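Please look at the sequence and the model before reading on.

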Amino acid sequence: MAASSHTQVLDLYWTMLRESKHFSAYIYRTYAIRRIRNAFRENKNVKDAVEIQTLVNKAKRDLGMIR
């Protein structure tokens, strides 16, 4: 993974976690945090640049829903 995409992915990860902490309901908040962590863990070994970009775009859409 290129350094710029690595930075982009980490920034997206922390932004998603930060935004999910704004849910007022405990159940929604913990579910969102668990799903974000699991999704990033499952895809941490992806090396294909096209697949990484697809996953980043999906995460950005999900971030839009969280906000």
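## Basis of the model

The model is predicted, with pLDDT of at least 70 needed for local features and 80 or more for side-chain atom pairs, while totals for chains, interfaces and linings use all residues. Residues are numbered from 1 along each chain as its sequence is written, and side-chain values use heavy atoms, leaving out hydrogens and water.

## Helix H1

Helices are DSSP runs (H or I, at least four residues), numbered from the N terminus. The 18 residues of H1 should span 26 Å at 1.5 Å a residue, where the expected span is 1.5 Å times one less than the number of residues. The end C-alpha atoms of H1 are 26 Å apart, which agrees.

## Aromatic rings

Rings of Phe, Tyr and Trp (its six-membered ring) pair if their centres lie within 6.5 Å, and planes over 60 degrees apart count as edge-to-face. Two aromatic pairs are counted by this rule. In one, Tyr13 and Trp14 are edge-to-face, at 5.1 Å centre to centre and 70° between the planes.

Tyr13 and Phe40 have ring centres 4.9 Å apart and planes at 65°, so this pair is edge-to-face as well. Because Tyr13 lies in helix H1 (residues 3-20) and Phe40 in helix H2 (residues 26-42), the pair ties together parts that are 27 residues apart in sequence. Tyr13, Trp14 and Phe40 form one aromatic cluster.

Terms used
Rings of Phe, Tyr and Trp (its six-membered ring) pair if their centres lie within 6.5 Å; planes under 30 degrees apart count as stacked, over 60 as edge-to-face and the rest as tilted. Helices (H or I, at least four residues) and strands (E, at least two) are DSSP runs, numbered from the N terminus.
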